[in-house]
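Here is a short report on the fold, the core and the aromatic contacts of one protein. Look over the chain before reading on.

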Amino acid sequence: MTWQQGAGLPNSASSVVGLPFNLGDGTMAKYTFSLDTKDDVVQAGVVQSRSFTEALETLGQELVVKRGDRLRIGVAGFPPAHFECVSLMGGDVFWTPADQKAA
């Protein structure tokens, strides 16, 4: 899996952590994400992984997440999923679908 931090964030130069891997056919899904507090976007970027669950796990390990933070994550062509951090235990981040209020 790979993770890339977007430009304009605390480390303005993009960085990649983790090791890419091959799924046999060489494809990995590319998810764009943003991690928000109540008022601001804290971090944004791209994560590539072979599954949505793995993308969430990678972000939980690589980002500084606090209880109540909201994550928007999705793939091109589809609306993003919205999650809220409800718990942090032993280095694991627990996400739950965030309430979506009508516009």
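What does the secondary structure of the protein come to? It comes to one helix and seven strands, taken as DSSP runs (helices H or I, at least four residues; strands E, at least two) numbered from the N terminus. The order is β-β-β-β-α-β-β-β.

This is a predicted model, in which local features need pLDDT of at least 70, side-chain atom pairs count only at pLDDT 80 or more, and totals for chains, interfaces and linings use all residues. Residues are numbered from 1 along each chain as its sequence is written, and side-chain values use heavy atoms, without hydrogens and water.

Of the 103 residues, 32% count as buried (under 20% relative accessible area; exposed is over 50%, partly exposed in between; 1.4 Å probe, protein chains only).

The largest nonpolar core has 15 residues. F33, V47, L59, V65, L71, I73 and W95 touch the most other members. β3 (29–36), α1 (52–62), β5 (70–74), β6 (81–89) and β7 (92–97) each give two or more residues to this core. Beyond four places in sequence, V65 touches L35, C85, L88, V93 and W95, a contact being heavy atoms within 4.5 Å.

The whole structure holds two aromatic pairs (ring centres within 6.5 Å; planes under 30 degrees apart are stacked, over 60 edge-to-face, the rest tilted).

| Pair | Centres | Planes | Type |
|---|---|---|---|
| Y31 and F52 | 5.8 Å | 65 degrees | edge-to-face |
| F52 and F83 | 5.8 Å | 40 degrees | tilted |

Y31 in β3 and F52 in α1 are 21 residues apart. Y31 is buried at 9% relative accessibility, F83 is buried at 12%, and F52 is partly exposed at 29%. Y31, F52 and F83 form one aromatic cluster.

Methods:
A nonpolar core is a set of buried Ala, Val, Leu, Ile, Met, Phe, Trp, Tyr and Cys residues joined through side-chain atoms within 4.5 Å. Rings of Phe, Tyr and Trp (its six-membered ring) pair if their centres lie within 6.5 Å; planes under 30 degrees apart count as stacked, over 60 as edge-to-face and the rest as tilted.
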